[in-house]
Amino acid sequence: MYSWFGRGKSLQVAISSCCLIAFTLFGYDQGVFGGILQSEDWLMQFGHPSDSKTGIIVSSYNLGCLLGCFTNFLIGDPLGRKKIIWLAASTIIVGAVLQTTAYSVPHLVIGRIVTGVGTGLETSTVPMYRSELCEGRLRGRLVSAEVLFVGVGITIAYWFDFGMSFVPGSVAWRLPVTFQIVFAVFVIVLVFGLPESPRWLYNHDRAEEALQVLCTVYDRSETDSLIVHETSQIIEAIALEESNGKFKWRNILKKDAVQTGRRVFLAWGVQFMNQAGASIWLFIISYNVGMSPRLAQILGGCINMMFMFGYLLPSFYLDRMVRRKTMFWGCAGLGVPIMMISILLSFQGTSVGKSTAAASVTFFFTYMLIFGASVNCVPWVYVPEILPLEARAKGTAVGISSNWLWNFTIVMITPIIINRLQWKGYLILMATNFAFVPLFYLFYPETSNNTLEDIDFLFIGGASGLPFGSHGENSSVGSEKAEKINTLNAASAKHVDNVPQK
């Protein structure tokens, strides 16, 4: 297998760089539009749109993202991971050009939708691609690093918009929108020199090429125990998943030997948790805290940076922190600051209303720090790893579609809820975060430090660690296979621990 970036560590750095830039692009796309909505030239160009029309313009991006996930459901598995990433970045470029050249609302909305389609393709493929090209013991921190760079992208977009807000004319908003093309071009160039996912190659009967990819990525020979261990696990998993026949798209919710349907629902649910505790609720500080628009804009940028700083912890330590505990403490931790925000804002209209509202800003910062370190990070890692290989492309598309569906819903309903309920609206967010703790405890197995193929056996051997187990239809078969895999794991782990990485 030929690679632009050599073998081993240099190739792994290139793979990580491509994925990190792709998610920086995702973050930039997420953040860039919010900062230009108050631009005088933008408002004049589009006829000072009403709040409802502005809501449609903004949320059309989320609908495009949802459409991108549905598109990936149909074409993701036939095309493969690399081609989808290339297609996603190319689509984003087309959407950025359409937005930059827009002189009417319909033109702008079409550009937003096209950009969203590219983002939907990107977000439902990149974490999966990264997960399939790394060791299980590193997967948590590597995929978490991608989510860290979402925060980096949002921060770049926010402060770029803020700086351009002092510039007159259409360049104040057209230049920030155009700038996303820079990230997309880097992704397109890098992805051409990277290998295809070995899991996808094995699943499409290209075993020899898949073996070459594994040897090149890890810089090891075909007889090395790590390579033998990975290949045997992938082949075992494919055989197990096909024990009831070749997978078909209509089986995506089927209760089969590896509980595909249940796992897809878990992926969908964990992204719902991400958005139901979402930071979109917090982008209303100027309305509830009563600060001037300029001060609120500066504080909003600083709060966004706390979101990015929160990501640093899982980016280095998620594999030690483990997924379940991070979600338990994250959801519980989010409930406390949002409760304090609600209490402090309840004094509005009284003699101490202004001072308590100012004090609530502290808890906005705290909320965003915890959110970035836990509930917004784990779902992006969890979705691709919880799914079986046969259903991973389609299942990831379904799981990530939950993110965009609920993102769209929250964007539409949050202003209404906050305007009508005021401080009481935050109690809804508090309740949902506290409710997620028992849900995750009861239904979500721990996946940290397992290979992607090991996770199949959590669902068929009753070894998931959940309170009620997770026995599948063929648990006796699964237990036997799981025992074989665990033997391989032990032998391989012992070897890997004693062999220095090249």
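**Close-up views of a predicted helical chain**

**View 1. The loop holding His48.** His48 sits in the loop that joins α2 (40-45) to α3 (51-79); helices (H or I, at least four residues) and strands (E, at least two) are DSSP runs, numbered from the N terminus. Although His48 is not a glycine, its phi is positive, at about 45 degrees. The model is predicted, with local features requiring pLDDT of at least 70 and side-chain atom pairs counted only at pLDDT 80 or more, whereas totals for chains, interfaces and linings use all residues. Residue numbers start from 1 along each chain as its sequence is written, and side-chain values use heavy atoms, with hydrogens and water left out.

**View 2. Val322, in the loop between α14 (293-321) and α15.** Val322, a residue other than glycine, has a positive phi near 65 degrees. Its relative accessible area is 19%, which counts as buried (under 20% relative accessible area; exposed is over 50% and partly exposed in between, with a 1.4 Å probe and protein chains only). In the protein chain, buried residues account for 58% of the 502 residues.

**View 3. Packing of helix α15 (residues 323-345) on helix α16 (residues 353-373).** The two helices pack at an angle of about 165 degrees, with axes 9 Å apart. Axes are lines fitted to C-alpha atoms, for helices over the stretch in contact, and angles run from 0 to 180 degrees between N-to-C directions. α15 and α16 are therefore roughly antiparallel (over 145 degrees; under 35 is roughly parallel, 65 to 115 roughly perpendicular and the rest oblique).

**View 4. Residues where α15 meets α16.** Contact means heavy atoms within 4.5 Å. On the α15 side, the residues include Gly330, Gly333, Leu334, Pro337 and Ile341; α16 contributes, among them, Ala357, Ser360, Phe363, Phe364 and Tyr367. By class, this contact of α15 with α16 has 15 nonpolar, six polar and no charged residues. Ala, Val, Leu, Ile, Met, Phe, Trp, Tyr, Cys and Pro count as nonpolar, Asp, Glu, Lys and Arg as charged, and the others, Gly among them, as polar.

**View 5. Helix α21 (residues 475-498), the element with the lowest mean pLDDT (45).** pLDDT is the predictor's confidence in each residue, from 0 to 100. Helix α4 (residues 81-100) has the highest mean among the elements, 97, and the mean for the protein chain is 85. Over residues 484-502 pLDDT stays under 50, and the model has 24 contacts for them beyond four places in sequence. Where pLDDT is low, the predicted coordinates should not be read in detail.
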